[in-house]
Amino acid sequence: MDLLDPLLLARWQFGLTTLYHYLFVPLTLGMSLSVAIFQTAWYRTGHIKWLHLTRFFGKIFLINFAMGVVTGIVQEFQFGMNWSAYSRFVGDVFGAPLAFEGLMAFFFEATFIGLWIFGWDKLPKAVHLATIWIASIGALLSAYFILAANAFMQNPVGYQMSSDGGRAEMVDFAAVLFNPVAVRAFPHTIFAAMMFAAGVIIAVSAWHMARAQNTEMMRPALRYGLWFMIVSFAGVALSGDQLGLIMVETQPMKMAAAEAMFNTSCGADASFSLFSIGTPDGTGEIWSLRVPYLLSFLSTHTLDGCVEGVNDLNAQYAAQWPEFAAQLDGVFNPVLWITYWSFRWMMGFGGAAVAVAVAGLWFTRKNARRAVPGWAWKIAIWSAPVALFASLTGWVFTEMGRQPWIVFGLMLTQDGVSPSVPGWTVLISLLAFTAIYATLAVVEIRLIITTAKKGPDPLPLPGDPDPTDHALEDTPTTVY
């Protein structure tokens, strides 16, 4: 292995940047919605606790949003830096949804976040409430345009090849925008983001509840987080089922790789292995725990459906794309151990997150006869990143499962790297960005932990002035 291989280094750099950027994206999406819900509760009930929760979790949202902006910009720069051949090939198509994301959705989102931050003492309550809802909608639009761009890499539609065959040209923007992969990936991604935000709310609330701090505010926040987690998990499961069906239709190799299944199987033989031990070369199975019919049902919604195997698909792709088969020695499948385990880690982390939420609802029910044990609070606190791990491993599966394609059926990943960029320059930027990102991660985590531990402003005591009379008179510097 050449450690200065530009392709290897460029893939590592983009992969690490993407995963690092995605540390902030789901919390921004889920927390903006939660803050809007808290503020709506305050607007409708007038109860001061909801105002304090709005401002408290709003601080966490804003810290995270600022970091996400920085990493997202760097990620897009890499298309021109390390992947110029790819950018030239699909720029006419890929650039359109990215332009909409940057020039419309993000501008829309950032504008109304600014109005929300600085409008506490300047806007009527209803108008100010509308700003956070509009900002949340802008964040969702931003996510959709990004997913539409990514969906073209998974399932290229709405294009034609140029006369010289050197690039893809967009002929149908609606087809690109409403790519069936994007339409199904969007709810799956958003519900997964909501799970992470719910996990953070659960952890922060549990930390205060375990110390009997701000219990009048943190108990409703905790219950909200627990229900938010369960509802979001249901959305992830349902949308994931639909995403799996379109994945089988557009990228059958990815489903075969998810099960590391070499030969086409039908019915009971198309089983799903919960756990498997294979030979070192990955071609044989020593032992596995399997559920009969499950892979068939996940792939076709029938118990007697057939799922194509890796070997059959390799032969099919070699016949369909002989020019690419020569470059790949006829091997079109991704690294199977990565797809196999990332698929299971994704489901496992998601299941663990919702299990904590279900247990939390039981422990904190109204007629509970015993106090919540200390170990339960600790599990709730440390479970904060579990849903995030599910999202991250899910993206590893999605992107690694697409390999060896950078655009499925059109361009190999090895052909998309910048041809004139030497490996040592990529290595320098990789090390520099990794060091900077590690530093920024420490800064953000410390800021969020410090803010979380400080907690919301305390509720007024009997005899204190009514805070709602002057709640909107605070200057922005005292709020944030």
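**Stop 1: helices 2 and 5**

Select helix 2, residues 25–45, and helix 5, residues 125–154, in this predicted model. Their axes cross at roughly 160°. An angle over 145 degrees counts as roughly antiparallel, and helix 2 and helix 5 are therefore roughly antiparallel to each other. The two axes come within 9 Å. The crossing of helix 2 past helix 5 is left-handed.

Now show side chains at the contact. On helix 2, pick Leu29, Ser32, Leu33, Val35, Ala36, Ile37, Gln39, Thr40, Trp42 and Tyr43. On helix 5, pick Lys125, Ala126, His128, Leu129, Ile132, Trp133, Ser136, Ala139, Leu140 and Ala143. Colour the contact by residue class: 14 are nonpolar, 5 polar and 1 charged.

**Stop 2: helix 4**

Select residues 84–118, which form helix 4. Helix 4 has 35 residues. Where is the kink in helix 4 centred? Go to Gly91. The kink there is about 85°.

**Stop 3: helices 7 and 8**

Move on to helix 7, residues 180–210, and helix 8, residues 215–250. Their axes lie 7 Å apart and pack at an angle of about 155°. That angle makes helix 7 roughly antiparallel to helix 8. How is this crossing handed, left or right? Helix 7 and helix 8 cross in the left-handed sense. Their contact residues comprise 25 nonpolar, 12 polar and 2 charged.

Stay here and select Ala212. This residue sits in the loop between helix 7 and helix 8. Check its backbone: phi of Ala212 is near 55°. That is a positive value in a residue other than glycine.

**Stop 4**

Finish with the loop between helix 15, residues 386–400, and strand 7, residues 405–407. Pro404 is in this loop. Select Gln403 along with Pro404 and look at the peptide bond from one to the other. Is that bond cis or trans? The Gln403 to Pro404 bond is cis, with omega near 15°.

Terms used:
Residues numbered from 1 in each chain as written. Predicted model: local features only at pLDDT ≥ 70, side-chain atom pairs only at ≥ 80, totals over all residues. Heavy atoms only, no water. Helix = DSSP H or I, 4+ residues; strand = E, 2+ residues; numbered from the N terminus. Expected span 1.5 Å × (residues − 1). Bend = angle between axes of the 7 residues up to and from the residue. Axes fitted to C-alpha atoms, helices over the stretch in contact; angles between N-to-C directions. Parallel < 35°, antiparallel > 145°, perpendicular 65-115°, else oblique. Left-handed = near helix turned anticlockwise from the far one by under 90°. Contact = heavy atoms within 4.5 Å. Nonpolar A, V, L, I, M, F, W, Y, C, P; charged D, E, K, R; others polar.
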